[in-house]
Amino acid sequence: MTTEVLDSNGRIPPDQQETHFGHPKGLFFLFFTEMWERFSYYGMRALLVLYMTSYLIKDPAKAASVFGFNQLRHLLEIGFGPLETQPLASQIYGLYTAFVYLSPFFGGIIADRVWGQRKTVYWGAILMSIGHFMMASERLFLPALLFLILGNGAFKPNVSTQVGNLYKQGDPRRDGAFTIFYMGINLGAMFSPFVCGTLGQDPRFGWDWGFGAAGVGMLAGLLIYHMGRKYLPMDEREEAQLKGNKEGSEGLGFLAKVVGAFFAVGIGFFLILMLPGYLKALIAIAVAVGVTFVVKKLNADERNRVSALIFLCLGTIAFWTIYEQQGNTLQLWADDKTDWTFFGHKLYSTWYQFFNPAMIFMFAPLLDMFWNKQAKKGKKSTSVRKMGIGCILCGLAFIIMIIAAKVVGSGAEKGSLLWLIFTTWMFTMGELYLSPIGLSLVTKVSPARIVSMMMGMWFLSSFFGNYMSGYVGSFYDRMPKDMFFLLLCVIGVITGFFFFLAEGKMKKMIGDI
């Protein structure tokens with residue numbers, strides 16, 4: 001048994017920590033920290049669209065009392081015309097989830113240049129806890145979302161980075177550590193609807209209880225992180241500060257610039273949304289021309305690699321557009337058009353959010369075994385083909401919902417939960433084919449000198465994809481349900497076929513990866 005001894009900085013180095021399943025104790029403190037943070041995020045997300053459509057925005061008096069709501073609605077209606085309850089809720093959902101993916105870029109800069117990873121994680125957890133508890137107040141709904149976005153930006157990139165810091169370069173346990181860590185993500189997402197969703201939808205409690213439970217979960221994650229602080233190694237910024245080396249270290253002025261830059265990007269994005277459609281198209285063309293000009297300055301090998309990754313990122317925008325309907329329009333279907341009565345007991349529609357993380361637990365190991373078996377037979381698929389399969393699976397999932405829309409009808413009838421279960425199973429398989437494969441491909445293909453920039457571009461595609469999920473979702477109440485699901489099906493299938501058509505060209509550009 002390893003003897004744990006504190007070093008001069010009050011830490012226990014990873015190689016002197018007790019191990020569990022072959023990994024240092026610090027990994028498991030990070031595992032449970034992330035689990036509770038994901039519990040809070042997905043618990044709140046399960047309620048978000050329902051809260052807006054059936055309570056907050058549905059009542060004009062309540063909506064008008066929300067700080068900043070009338071101004072936000074006015075800005076969105078400049079660009080998109082009058083927005084009724086569901087389209088407006090979908091737009092807000094898309095904006096929230098989009099900026100959740102954008103903010104970690106700025107949080108990483110703050111950790112690297114100002115506070116270090118640990119202090120930044122503390123601030124992120126505190127901001128998110130405040131945001132969740134603010135959700136209990138109707139008036140503070142939009143400021144609460146802002147606190148959650150800022151907190152996520154500080155927390156998310158720096159917890160993940162600390163997992164890697166527990167291991168030396170080349171340590172074979174590193175990949176296994178991230179596998180364990182990401183199990184915590186799905187574990188937190190899996191049981192959060194049973195707590196937050198139940199409290200939020202149970203008339204004996206209410207929305208504020210559901211959001212408050214998410215806040216309690218975030219506080220639990222913060223407490224666990226604090227309890228395990230001695231098991232987490234220092235990052236380069238902390239080591240430099242202890243040695244009195246301030247080179248590359250910035251103060252509060254730089255922090256204010258980073259936060260200001262985030263708000264400037266947000267304001268710029270809103271200004272673009274307010275423009276007429278033809279001006280948005282011109283801006284998109286100008287950006288494409290600018291990117292082409294920059295790419296042409298790279299050498300031939302880098303140009304091929306970057307061009308391939310740009311194409312793949314554009315494809316993932318379409319994927320996230322339809323995949324993220326799980327928390328948006330499909331949650332509305334689960335609430336409005338699904339019969340949740342089993343053996344005489346009525347269950348809660350937010351429990352629908354349980355199925356995706358549960359299926360990831362079940363099918364991720366089986367799919368990995370299948371891929372390994374295919375590779376041994378010499379039938380290994382390229383990453384590009386796998387991503388194409390993922391898009392097509394996600395698109396074809398909506399065929400089930402098209403049938404469901406025709407069977408259930410547009411009246412007050414409710415259909416079987418099996419429609420959603422089979423749809424979510426196909427979603428999950430599509431996600432497993434695309435999300436981890438794409439992330440791995442970025443790290444393999446990116447030119448070494450700009451790998452961080454390429455990773456940023458990958459997450460930027462998630463930003464645009466999540467916003468587009470809100471924009472496309474705004475047509476849910478404007479179109480017949482079968483035609484809406486057909487639209488999503490077409491987006492996924494066409495994107496998948498583009499991946500297939502590009503596979504040969506991609507092999508020439510980046511190799512048979």
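**Exercise 1. Is Gln-325 buried or exposed, and what does Gln-325 touch?**

Solution. Gln-325 has 0% relative accessibility and therefore counts as buried; buried means under 20% relative accessible area, exposed over 50%, and partly exposed in between (1.4 Å probe, protein chains only). The model is predicted: local features need pLDDT of at least 70, side-chain atom pairs count only at pLDDT 80 or more, and totals for chains, interfaces and linings use all residues. Residues are numbered from 1 along each chain as its sequence is written, and side-chain values use heavy atoms, with hydrogens and water left out.

Helices (H or I, at least four residues) and strands (E, at least two) are DSSP runs, numbered from the N terminus. Leaving out residues up to four places away in sequence, Gln-325 touches Leu-330, Gln-331, Phe-398, Ser-469, Val-472, Gly-473, Phe-484 and Leu-488. Contact means heavy atoms within 4.5 Å.

**Exercise 2. Where is Gln-326, and which residues does Gln-326 touch?**

Solution. Gln-326 lies in the loop between helix 12 (300-323) and helix 13 (329-336). Its relative accessible area is 5%, so Gln-326 is buried. Not counting residues up to four places away in sequence, the partners of Gln-326 are Gln-331, Tyr-352, Gln-353, Asn-356, Thr-424 and Phe-427.

**Exercise 3. Describe the backbone and the exposure of Phe-343.**

Solution. Start with the backbone: Phe-343 is not a glycine, yet has a positive phi of about 50°. The residue is in the loop between strand 3 (341-342) and strand 4 (345-346). With 83% relative accessibility, Phe-343 counts as exposed.

**Exercise 4. At what angle do the axes of helix 3 and helix 4 cross, and which residues make the contact?**

Solution. The two axes come within 11 Å and cross at roughly 100°. Axes are lines fitted to C-alpha atoms, for helices over the stretch in contact, and angles run from 0 to 180 degrees between N-to-C directions. Helix 3 and helix 4 are therefore roughly perpendicular (65 to 115 degrees; under 35 is roughly parallel, over 145 roughly antiparallel, the rest oblique). Helix 3 contributes Phe-69, Leu-72, Arg-73, Leu-76 and Phe-80 to the contact, and helix 4 contributes Leu-88, Gln-91, Ile-92 and Leu-95. By class, seven of these residues are nonpolar, one is polar and one is charged. Ala, Val, Leu, Ile, Met, Phe, Trp, Tyr, Cys and Pro count as nonpolar, Asp, Glu, Lys and Arg as charged, and the others, Gly among them, as polar.

**Exercise 5. What lines the second largest pocket?**

Solution. The lining has 19 residues, and Leu-72, Leu-142, Leu-146, Ile-149 and Phe-270 lie nearest the centre of the pocket. A pocket is an open set of points on a 1 Å grid over the protein atoms alone, with protein on both sides within 12 Å along at least five of seven lines; a cavity is a set where a 1.4 Å probe fits but cannot get out, and lining residues have an atom within 4 Å of a point. Helix 3 (69-80), helix 4 (85-115), helix 6 (141-165) and helix 10 (252-274) each supply at least two lining residues. The lining has 16 nonpolar, three polar and no charged residues.
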